[in-house]
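Here is a short walk through one chain, with the cut-offs spelled out as they come up. Have the viewer open while you read.

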Amino acid sequence: MDLSSINEELANIDGQVSDILRALANGFQKLEKIKDTNRRSRQLEELTGKMRECKRLIKEFDIEMKEEESRNTPDTNRMLNEKKQSMIKELNSYVALKKQYASSLENKRIDLFDGGGGDGFGEENVLLASNMTNQQLMDTGNRMMDETDQTVERSKKVVEDTINVGAETSAALKAQTEQMSRIVNELDSIHFSIKKASQLVKEIGRQVATDRCIMAMLFLIVMGVIAVIIVKLINPHNKDIRDIPGLAPPAARKLLWLLNQR
């Protein structure tokens with residue numbers, strides 16, 4: 001069913017969502033061909049922005065659909081709800097795809113820091129150990145164990161600090177996410193209210209223009225009637241001008257009275 005026959009605003013939103021979903025499909029196809037990590041990251045950010053815009057439009061579609069629900073038939077409401085669910089399902093598929101690509105990019109960044117084996121150093125240590133006495137080997141082993149213990153303690157401290165910072169960051173991010181979500185919802189409501197106000201202003205403008213036309217026509221009619229009365233008073237014997245029902249006879253009697261007075 002053509003949405004424009006139901007509601008032009010719903011049809012407009014549906015067209016915008018369809019355009020964004022096509023752009024997302026093309027964008028992810030292009031993303032598969034990009035090998036450079038930085039370019040893939042920029043492309044992913046651009047696609048994320050499109051997904052946010054699509055989510056906003058779907059919310060607007062839902063608001064408009066609920067406003068029109070009382071004026072539509074049950075079949076129409078069911079069709080609109082299925083349309084909304086279809087858009088949400090397609091958008092969620094792209095969100096999942098975006099998470100998959102984001103995880104892949106993160107793993108590649110970690111791999112950049114994991115590289116380099118230690119084969120050369122291992123061979124060198126074997127050669128040095130073969131030239132040491134038992135006491136030297138014991139002293140070296142004890143020293144290495146002490147250094148390892150110190151390194152482990154430092155690592156533990158770093159891990160604890162990282163966990164604390166992570167917990168604080170997570171709490172802050174959660175609060176900011178909730179705040180951003182509230183702001184986005186408020187902006188969507190404001191945007192929708194502005195559109196509705198614009199439509200009302202246009203309707204009021206059309207009504208004012210119609211009222212002015214009617215007032216102008218009434219003014220012309222009244223002026224025409226007044227002109228006919230004046231002409232009949234000045235020249236009552238003019239047969240080209242028809243008498244106005246209810247007005248002409250009194251005017252004629254008044255004129256005869258004036259002539260009798262003279």
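## Helix 2 and its start

At the start of helix 2, Asp-36 points a side-chain oxygen to within 3.3 Å of the backbone nitrogen of Asn-38. Helices (H or I, at least four residues) and strands (E, at least two) are DSSP runs, numbered from the N terminus.

A word on the source: this is a predicted model, so local features need pLDDT of at least 70 and side-chain atom pairs count only at pLDDT 80 or more, while totals for chains, interfaces and linings use all residues. Residues are numbered from 1 along each chain as its sequence is written, and side-chain values use heavy atoms, with hydrogens and water left out.

Helix 2 covers residues 37–68, which makes 32 residues, and its first and last C-alpha atoms are 47 Å apart, close to the 46 Å expected. The expected span is 1.5 Å times one less than the number of residues in the helix. UniProt, in an unreviewed entry, marks residues 44–71 as a "coiled-coil region"; its positions are given in the numbering used here, feature names are shortened, and annotations may be inferred rather than shown by experiment. In the model, that span is 89% helix and 0% strand, with its end C-alpha atoms 41 Å apart.

## Gln-43

A polar atom of the Gln-43 side chain sits 3.3 Å from the backbone oxygen of Gly-27. Apart from neighbours within four places in sequence, Gln-43 is in contact with Gly-27, Lys-30, Leu-31 and Ile-34, where contact means heavy atoms within 4.5 Å.

## Helix 1

Helix 1 takes in residues 8–33, and its 26 residues should span 38 Å; the end C-alpha atoms are 39 Å apart, so the two agree. Asn-7 caps the N-terminal end, with a side-chain oxygen 2.8 Å from the backbone nitrogen of Glu-9. Among the buried residues of helix 1 are Leu-10, Asp-14, Gly-27 and Leu-31.

Leu-10 has a relative accessible area of 0%, so it counts as buried. Beyond its neighbours within four places in sequence, Leu-10 is in contact with Leu-3, Phe-61, Glu-64, Met-65 and Leu-80. With neighbours within four places set aside, Asp-14 is in contact with Leu-3, Lys-83 and Met-87.

## Over to helix 3

Asp-14 and Lys-84 are 70 residues apart in sequence, yet 9.1 Å apart in space, C-alpha to C-alpha. Lys-84 belongs to helix 3 and counts as buried because its relative accessibility is 12%. What does the side chain of Lys-84 make a polar contact with? The partner is the side chain of Asp-62, at 3.0 Å. Not counting residues up to four places away, Lys-84 touches Ile-58, Phe-61, Asp-62 and Met-65.

Asn-81 is also in helix 3, but is partly exposed, because its relative accessible area is 33%. Asn-81 and Met-65 are 16 residues apart in sequence and 8.2 Å apart in space, C-alpha to C-alpha.

## The largest pocket

The largest pocket holds about 610 Å³ of space. Of its 18 lining residues, those closest to the centre are Thr-48, Met-51, Arg-52, Lys-55 and Val-184. Helix 2, helix 3 (74–112) and helix 5 (134–234) each give two or more residues to the lining, and the largest share, seven residues, comes from helix 2.

For the grid details: a pocket is an open set of points on a 1 Å grid over the protein atoms alone, where a 1.4 Å probe fits, with protein on both sides within 12 Å along at least five of seven lines; lining residues have an atom within 4 Å of a point. Points are joined across faces, edges and corners, and the volume is the space filled by probe spheres set on them.

## The whole chain

The chain has six helices and zero strands. Of its 262 residues, 18% count as buried. Among contacts with a separation of 6 or more, 66% are between residues 24 or more positions apart.

Definitions and conventions. A polar contact is a pair of N or O atoms within 3.5 Å; within protein, one must be able to donate a hydrogen and the other to accept it, and residues adjacent in sequence count only if both atoms are side-chain atoms. Buried means under 20% relative accessible area, exposed over 50%, partly exposed in between (1.4 Å probe, protein chains only).
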